[in-house]
Amino acid sequence: MTENDIKGLMEKYQNGTITEAEEKLLEQFDGILLSKNEKVNFKSEIHKARVKQNLSHIIHKRGKTKSIKWLRIAASWALIISFGMVAYNWSHNEVQQEPIAEIVEHTDWGQKLNVTLADGTKVVLNSGSTLCFPERFEGNSREVELIGEAFFDVVKNRDKPFVIRSGDVTTTVLGTSFNINAYPDKEEVAVTLATGKVKIASAASTVFISPNQQGVFNHLNKTLSTFQVEINPYIDWKNGIIHINDATLAETAEVLERWYGVSFVFENEKLKHCHITATYDNQTLATVLESIKHVKKGMAYEYLGDNKILIKGSCND
């Protein structure tokens, strides 16, 4: 049967002049066509239903009372369209994909937040951090963007890698748990691995790290290095534990500012270079300050209001 034969039969069918023999011939042809091409002709069940609705509308509009199964009519229409027309445009029933909303979660200083992503991946967002992610993951990867610090427990999916973009650094995993520290005011981005395996990439190089290793990207010299580390000091923050290891009071103040949502001012520069080592397990700020004051004889502090604290006096390591 040629294209013109099909068109002729369809026109007769629509204007009601088709004979019984011609209609039988059309039905037989449509049945064969449908069984072979249904998946090609209809993009989805929704598309199939909408084509049915359109054909029904056309038939009733032309006063056709005799009916045959709509799927056979649809199959003929689809074939005719395939000869020279575009079915999609004709039906005007393209199944539109719902747009994917971008979600932004943010924590202020002194706050932490637990976030569960669409794939079940769990994220603990540290203070002063922002996580951007889609409401659902489509395509060949799961991509999010992080500013600040977060601990990720990624659901395993070998077919869809999980990718975290943190400024100049991209971290890619299939399923694992790790911490990323990527505060924009820091010289370094540090990725510390708890389980699994992680690929860390910059514009110039790529490294892989295993559990108890850390990959560090330096913003100044653009280098990417790996180190063996004790992991707990880097991930205990999510359990409310602060580890300070031979840090200066200036570095310690930065940690406490993020943790408690305060700001420190120093009476003199010498105080900033005083060193301290300590661990605080879910302690109040007052307890932490009293502890430092006890260890560093001569140092004192004073609340100034507006969440500012003055570090004053003297300090000798």
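1. N282 is exposed, with a relative accessible area of 53%. For orientation, exposed means over 50% relative accessible area, buried means under 20%, and partly exposed is anything in between, with a 1.4 Å probe and protein chains only. N282 sits in the loop between β16 and α9. Its phi is near 55 degrees, a positive value in a residue other than glycine.

2. A word on what you are looking at: this is a predicted model, in which local features need pLDDT of at least 70 and side-chain atom pairs count only at pLDDT 80 or more, while totals for chains, interfaces and linings use all residues. Residues are numbered from 1 along each chain as its sequence is written, and side-chain values use heavy atoms, leaving out hydrogens and water.

3. Now the overall picture. The protein has nine helices and 18 strands; these are DSSP runs numbered from the N terminus, with helices being H or I of at least four residues and strands being E of at least two. Of its 317 residues, 40% count as buried. Among contacts (heavy atoms within 4.5 Å) with a separation of 6 or more, 48% join residues 24 or more positions apart.

4. K222 lies between β12 (213-218) and β13 (224-228), and has a positive phi of about 60 degrees although it is not a glycine. With 45% relative accessibility, K222 counts as partly exposed. Leaving aside residues up to four places away in sequence, K222 touches D168 and F217.

5. Next, the aromatic rings. Rings of Phe, Tyr and Trp (its six-membered ring) pair if their centres lie within 6.5 Å; planes under 30 degrees apart count as stacked, over 60 as edge-to-face and the rest as tilted. By this rule there are five aromatic pairs. In one of them, F152 and F178 have ring centres 5.4 Å apart and planes at 15 degrees, so this pair is stacked. The pair links distant parts of the chain, 26 residues apart: F152 belongs to strand β5 (residues 142-153) and F178 to strand β8 (residues 177-182).

6. An edge-to-face pair is formed by Y301 and Y303, with 5.9 Å from centre to centre and 90 degrees between the planes. Here Y301 counts as buried at 17%, whereas Y303 is partly exposed at 47%. Ring pairs also link F137, F152, F162 and F178 into a cluster.

7. Lysines meet rings as well. A charge sits over a ring if NZ of Lys or CZ of Arg is within 6 Å of the ring centre and within 35 degrees of the ring normal. K112 lies over the face of W259, 3.6 Å from the ring centre, and K238 lies over the face of F151, at 4.6 Å.

8. W259 leads us to helix α7, where it is one of the buried residues, together with L249, T252, A253, L256 and R258. The expected span of a helix is 1.5 Å times one less than its number of residues. The 12 residues of α7 (residues 249-260) should therefore span 16 Å, and its end C-alpha atoms are 16 Å apart, which agrees. Just after α7, G261 takes a positive phi of about 70 degrees.

9. What covers the buried residues of α7? The cover includes β14 (241-248), β15 (263-266), α8 (269-272), β16 (275-281), α9 (285-295) and β17 (299-305). With α9, α7 packs at an angle of about 170 degrees, the axes being 12 Å apart. That makes α7 roughly antiparallel to α9. Axes are lines fitted to C-alpha atoms, for helices over the stretch in contact, and angles run from 0 to 180 degrees between N-to-C directions. Angles under 35 degrees count as roughly parallel, over 145 as roughly antiparallel, 65 to 115 as roughly perpendicular and the rest as oblique. At this meeting, L249, T252, L256 and Y260 of α7 touch L285, V288 and I292 of α9.

10. Finally, a stop in β14. N245 lies in that strand and counts as exposed at 66% relative accessibility. Not counting residues up to four places away in sequence, N245 touches I276 and T277. N245 and P233 are 12 residues apart along the chain, and their C-alpha atoms are separated by 8.8 Å.
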